[in-house]
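Let's take a friendly walk through a protein model.

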Amino acid sequence: MENPGLVVHGQTASFSTALRSLVNNPQYSDVCFVVGQERQEVFAHRCLLACRCNFFQRLLGTELGPGVPSPVVLSTVPAEAFLAVLEFLYTNSVKLHHHSVLEVLTAAVEYGLEELRELCLEFVVKVLDVELVCEALQVAVTFGLGPLQERCIAFIEAHSQEALRTRGFLELSAAALLPLLRSDKLCVDELELVRAAWSWARVGAAVLERPVAEVAAPVVRELRLALLAPAELSALEEQNRREPFIPVEQIVEAWKCHALRRGDAARGALCRRRRGTLPREHHRFLDLPFK
């Protein structure tokens, strides 16, 4: 019976270095991508991409005709992120950076590269900070990355005031903002949270060219107006008359809590203090204190 033989391995470092030299190297390449809004040309090799990634196998699977093939346009992925994807496909390793890892993660999810996705997730968790966390939360919500979403929410709960002041917070979708506004563990006072949500709605209104109140509608019900003192609620009501943001009936409900001096069980969550809620005299009348 013939001996089946033994697989032996050479040095992986030199092999990886040699393949890395082919990334975006026009020599011997047979496909050109035009990538990102800057329309940067990136050169690659069909056979390698196709054998490593089903997305590229489908994308590049058509037969090559005579002459020079047309460039493949990928306008939604930034060039730096696309080059990182190629580096991983060629070498099975990648150098990640704080400023671009979420773009690489997005590309990995869209291209079905599970191993690269996991590497990106591990890196994001290691480098998560105030500037990155809201952008990471948006990516997690967009692509249904539950564990990352939970990690981001926990980080924001612990660093609420700083996170609310970032550009990433203002650019959150309503779906990403909702779980934050529903949290009891935010370390921020309700008045500051109302102001942050108002700023978020203004930015969204400017981008979407829609009224502030319309943009705010999916999330504004999670604001706990009953926690505000009467003077604060009066000032908010006056500002809301000038710039509609909160439904009038929601403000009326908050006034009812003050008038009745209790938190109705049906509105329990909206009368419950958050971790960062500053004490006010009327809070002793609410049924559901912070736990």
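What follows covers the ground rules, the cysteines, some backbone angles, a strand pair and a helix pair.

## Ground rules

This is a predicted model, so to speak of local features we need pLDDT of at least 70, and side-chain atom pairs count only at pLDDT 80 or more, while totals for chains, interfaces and linings use all residues. Residues are numbered from 1 along each chain as its sequence is written, and side-chain values use heavy atoms, with hydrogens and water left out.

Are cysteine 134 and cysteine 257 buried or exposed? Buried means under 20% relative accessible area, exposed means over 50%, and partly exposed is in between (1.4 Å probe, protein chains only). Cysteine 134 has 1% relative accessibility, so it counts as buried. Cysteine 257 has 4%, so it counts as buried too.

## Positive phi angles

Most residues other than glycine have a negative phi. Tyrosine 28 is not a glycine, yet its phi is positive, about 70 degrees. You'll find tyrosine 28 in the loop between helix H1 (12–20) and strand S1 (31–35). Helices (H or I, at least four residues) and strands (E, at least two) are DSSP runs, numbered from the N terminus. With 68% relative accessibility, tyrosine 28 counts as exposed.

Asparagine 92 also has a positive phi, near 60 degrees. Look for asparagine 92 in the loop between helix H4 (79–91) and helix H5 (101–110); at 39% relative accessibility, it counts as partly exposed.

## A hairpin

Strands S1 and S2 (residues 40–44) pair in the antiparallel sense over five bridges; pairing takes at least two bridges found by DSSP. Valine 34 stands opposite glutamate 41 in S2. The hairpin has four residues between the strands, and glycine 36 takes a positive phi near 75 degrees there.

## Two helices side by side

The axes of H5 and helix H6 (residues 114–127) come within 8 Å and cross at roughly 155 degrees. That makes H5 roughly antiparallel to H6 (angles over 145 degrees count as roughly antiparallel, under 35 as roughly parallel, 65 to 115 as roughly perpendicular, and the rest as oblique).

Which residues meet? Among them are Val101 and Leu105 in H5, and Leu116 and Phe123 in H6, where contact means heavy atoms within 4.5 Å.

Key:
Axes fitted to C-alpha atoms, helices over the stretch in contact; angles between N-to-C directions.
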